[in-house]
Amino acid sequence: MCKELVFMMLKLGIGDLTLEDISSVIDMSRKFSDAQVLNQAIGEWKTYNVIGMANMFNNAIAFSQNISRWCVTKITSLPTDFDTGAKLGSPFKPIWGTCPQ
């Protein structure tokens, strides 16, 4: 499935895309900004190739899933407005610059 379509469907709360293969995605900036219903378990996504996550969950008011196991070695610090306005608590965020096993 086209990755842009996957992100759009998730943003709109359509379907179960929790196991979607996104390993080829490089930039996830703004993918879910302003999403009103997004709250799927996407914590198992393979994010090791991603280099951009700025504004990813900015104002995604319903999102509160655990994404702490995301591999984010290419992003060494909290991206700009990564989760401003979201319900994503600190223990659920990725540990920037690491790849949990």
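**Close-up 1. Cysteine 71 and cysteine 99 are joined by a disulfide.** Their sulfur atoms sit 2.3 Å apart, and a disulfide here is a pair of cysteine sulfur atoms within 2.5 Å. By that rule, the count comes to one disulfide. The link has -120° about the S-S bond and is left-handed. Both cysteines lie in the segment after H1, so the pair ties together parts that are 28 residues apart in sequence. Cysteine 71 is buried, at 10% relative accessible area, while cysteine 99 is partly exposed at 34%. (Buried means under 20% relative accessible area, exposed over 50%, and partly exposed in between, using a 1.4 Å probe and protein chains only.) Keep in mind that this is a predicted model, where local features need pLDDT of at least 70, side-chain atom pairs count only at pLDDT 80 or more, and totals for chains, interfaces and linings use all residues. Residues are numbered from 1 along each chain as its sequence is written, and side-chain values use heavy atoms, leaving out hydrogens and water.

**Close-up 2. Phe32, Trp45, Phe57, Phe63, Trp70, Phe82 and Trp96 form one aromatic cluster.** The whole structure holds six aromatic pairs. In one of them, phenylalanine 32 and tryptophan 45 have centres 6.4 Å apart and planes at 40°, so that pair is tilted.

Conventions. Rings of Phe, Tyr and Trp (its six-membered ring) pair if their centres lie within 6.5 Å; planes under 30 degrees apart count as stacked, over 60 as edge-to-face and the rest as tilted. Helices (H or I, at least four residues) and strands (E, at least two) are DSSP runs, numbered from the N terminus.
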